[in-house]
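Work through the exercises below on pockets and the nonpolar core. Each task is followed by its solution.

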Amino acid sequence: MEYVKLNNNVEMPVLGYGVYQVTPAESERFVSEAIQVGYRSIDTAQAYGNENGVGTAVRKSGIPRNQFFLTTKIWISNAGYEKARTSIEESLRQLQTDYIDLLLIHQPFNDYYGTYRAMEEAYRKGKARAIGVSNFYPDRLVDLCQFVEIPPAVNQVETHVFQQQVKAHEIMLKYGVQHESWGPLAEGRNNIFSNEILASIGEKHGKSVAQVALRFLIQKGIVVIPKTTHRERMVQNLDVFNFRLTDGELAQIATLDRAESAFFSHYDPETVEFITGIGRK
């Protein structure tokens with residue numbers, strides 16, 4: 001495994017296992033399998049409903065807690081200082097741990113400043129080793145960085161070969177925020193697994209399209225958290241540290257960038273209405 005050093009000197013694995021859309025009932029089994037394969041960084045969220053499965057898998061693994069890097073995210077309905085404080089305690093309980101390695105705001109909506117104050121408090125108390133955000137577009141990220149006491153360590157945003165986030169990446173570098181990708185394989189969209197450029201490059205290295213796509217992001221300094229429920233793909237996704245893309249190959253892959261989301265835009269009012277309505281009480 002390779003690591004990046006966050007802006008508070010905490011080391012984070014550059015590759016982890018994501019559990020988005022893994023059901024609560026199945027999360028323990030799949031996370032246990034991922035741990036057996038060799039994953040130590042696990043990314044979950046309050047909204048996924050599977051924090052408990054992740055925590056149980058980690059606890060039952062018999063591997064010391066300090067060997068893991070656990071990420072979770074505070075959902076919109078838990079925004080604001082008081083609600084966020086309560087939700088952090090609940091996440092700790094669900095994950096069955098005394099601390100979270102990386103605690104993120106899941107979406108840039110509702111009172112995320114109040115949420116961030118609760119996260120800063122958790123950080124100071126040792127309940128979070130690092131704090132940051134997710135889905136913050138450059139304008140929101142800059143705004144937050146300008147007015148908080150503890151700068152965000154990470155921004156987790158949609159990033160893959162078709163949405164490379166070049167400009168956003170530059171802003172993150174400027175503010176010392178680590179770029180992390182969700183959906184690094186674009187969830188299979190745009191026929192990524194049959195892409196001719198990726199397949200051709202993979203053939204030269206004896207690697208799959210997925211491995212080339214992940215390696216591209218890693219060489220760009222981006223943390224990735226691919227999700228799969230198939231053991232052989234878990235193994236494959238982890239096997240990306242024994243080859244290196246050339247400058248020419250990186251340039252080829254750069255041409256795939258459409259500079260737009262393969263899913264949705266946070267600038268679209270209907271999308272925001274939908275996202276902010278999830279889990280609202």
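**Exercise 1.** State how the lining of the largest pocket divides by class.

Step 1. The model is predicted, with local features needing pLDDT of at least 70 and side-chain atom pairs 80 or more, while totals for chains, interfaces and linings use all residues. Residues are numbered from 1 along each chain as its sequence is written, and side-chain values use heavy atoms, without hydrogens and water.

Step 2. A pocket is an open set of 1 Å grid points where a 1.4 Å probe fits, with protein on both sides within 12 Å along at least five of seven lines; lining residues have an atom within 4 Å of a point.

Step 3. The lining holds 18 nonpolar, 16 polar (Gly included) and 6 charged (Asp, Glu, Lys, Arg) residues. Of its 40 residues, Tyr20, Gln21, Trp182, Gly183 and Glu187 lie nearest the centre. Helix H9 (231-238) and helix H11 (269-277) each give two or more residues to this lining.

**Exercise 2.** Which helix gives the most to the lining of the second largest pocket?

Step 1. This pocket has a volume of about 400 Å³, and 24 residues line it.

Step 2. Helix H5 (138-147), strand E8 (154-158) and helix H6 (166-174) each supply two or more of them.

Step 3. H6 gives the most, with 5 residues.

**Exercise 3.** Describe the surroundings of Tyr17.

Step 1. Tyr17 is among the residues with the most contacts inside the largest nonpolar core, which has 81 residues. Such a core joins buried residues (under 20% relative accessible area) through side-chain atoms within 4.5 Å.

Step 2. Beyond four places in sequence, Tyr17 contacts (heavy atoms within 4.5 Å) residues including Phe30, Tyr39, Pro226 and Met234.

Notes:
Helix = DSSP H or I, 4+ residues; strand = E, 2+ residues; numbered from the N terminus. Points joined across faces, edges and corners; volume = space filled by probe spheres on them. Buried < 20%, exposed > 50% of the residue type's maximum accessible area, 1.4 Å probe, protein only.
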